[in-house]
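Hi,

Here is the structure we talked about handing over. Have a look at it first, and my notes follow below.

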Amino acid sequence: MIGVSKLLCGVENFGDSLRYAHGSKGQRDGAVAGYGPVVAWNVSRTCNLHCIHCYSDSDEIEYPGELTTKEALKFIDDLADFNVPVLLLSGGEPLMRPDIFDLVAHATKRNIRVTFSTNGTLITPDVAKEIKKYGVGYVGISLDGIGENNDKFRGKKGAFEDALAGIRNCLAIDQRVGLRFTINRHNVNDIENIFNLIEEEKIPRVCFYHLVYSGRGSNMTEEDVNHAESRAFMDLLMKKAVDFFNRGFNCELLTVDNHADIVYLYLKTKEKNPELAEKVWKLMQLNGGNRSGIAFANVDSQGFVHPDQFTQNHTFGNVKERPFKEIWTDTSSSAILAGLKDRKPLLKGRCAKCKWLNVCNGNFRPRAEAVTGDFWESDPACYLTDEEIGIAE
């Protein structure tokens, strides 16, 4: 994640202690010294929507082999023993798992911060109260357009209004909540309207995700935004972050899954405000870029461990058979896991030659593999020019 509000405006939020901490960059198995990774857990693959970009290719059916309640509680204990700081419960749709609040209660009891990644359509006023009652730290609700545009993307009429109601139900009881938006060809023209919605609804946190070609979204390479559109989006986002801050609107803005963003932000800031750019540079050095396989992990609904939720085609082991910590720290059985922990010598193409490699760390591997077939090739979503990355002749 790139904390645009943090970098440009100096605002402090919970995740900054993991993203911009001294000693985080040199870790091999966790987010910061003394901690394991942030873990995104697909608690169930079942979902009530049918989104065209879904990395888990979920549907409204039961999937065999998912962790039982007993196995899930044992898994949470293993995470606590590894000092995992944050457990992100995702899906599918996590609220479709019947024992979801039993799992939340156990994780919070073991001092793990629990967050939700949800489509929001099932968050009635009563469900919002349950979420708050059980101590969920944050609820991220997905919207990928306004009105019908979101519904087409999400595969269900009325999904926009239901998700918006979920956001409102959380805000009404002071449950920390935010919006998740995946940028692509279908909704790039909705971004200005999304900013208007953010302000109208007083939504305090928004994560803008770059499209990753994985799962049901594997065939969406031609539906991603182009490089010029990525740059224009970043220009708008930076402008909005400063504008919100100057007008006293407290909204944390972040981007996810494209570390070209932090380099672009730095270069643009350096043009206008070299003093601020120096502060940005120091924070960039602490972060270290993409850290899938290091500071971030994914466990799917059947217990298989992956470097992140978009790389479920690469598996390192199963938590039903071995403790998570054992799997995550054992590089002997997986060349991919070993490579991710020390990836710079393996990278190819523009990534291998880029002068920003120490602050980007090769960007996002699933996109490279989806387009080229080679896990270590350059990420095609990097929109920086050859001149900007120092390889122009």
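In what order do the ten strands form the open sheet? The order is E1-E8-E7-E6-E5-E4-E3-E2-E9-E10, with mixed pairing. Strands E1 (2–3) and E10 (305–306) stand at the edges with a single partner strand each, so one side of each has no neighbour in the sheet. Two strands pair if DSSP finds at least two bridges between them; strands (E, at least two residues) and helices (H or I, at least four) are DSSP runs, numbered from the N terminus.

Before the rest, a word on the source: this is a predicted model, where local features need pLDDT of at least 70 and side-chain atom pairs count only at pLDDT 80 or more, while totals for chains, interfaces and linings use all residues. Residues are numbered from 1 along each chain as its sequence is written, and side-chain values use heavy atoms, leaving out hydrogens and water.

Within the sheet, strand E3 (residues 86–90) runs parallel to strand E4 (residues 113–118), and four bridges join them. Leu89 stands opposite Phe116 in E4. Helix H7 (residues 159–172) packs on the sheet, touching strand E5 (138–142) and strand E6 (177–183); contact means heavy atoms within 4.5 Å. The direction of H7 makes about 160 degrees with that of E5 (axes are lines fitted to C-alpha atoms, for helices over the stretch in contact, and angles run from 0 to 180 degrees between N-to-C directions).

Two backbone details sit in loops. A cis peptide bond, omega about 5 degrees, joins Gly91 and Gly92, and Gly92 is in the loop between E3 and helix H4 (100–109). Asn111, in the loop between H4 and E4, has a positive phi near 65 degrees although this residue is not glycine.

Now for the aromatic rings. The whole structure holds 17 aromatic pairs (rings of Phe, Tyr and Trp, the last by its six-membered ring, with centres within 6.5 Å; planes under 30 degrees apart are stacked, over 60 edge-to-face, the rest tilted). Why is the pair of Tyr266 and Trp356 called edge-to-face? The ring centres of Tyr266 and Trp356 are 5.8 Å apart and their planes lie at 70 degrees, so the pair is edge-to-face. This pair links distant parts of the chain, 90 residues apart: Tyr266 is in helix H10 (residues 260–272), and Trp356 is in the loop between helix H14 (349–353) and helix H15 (357–360).

Best wishes
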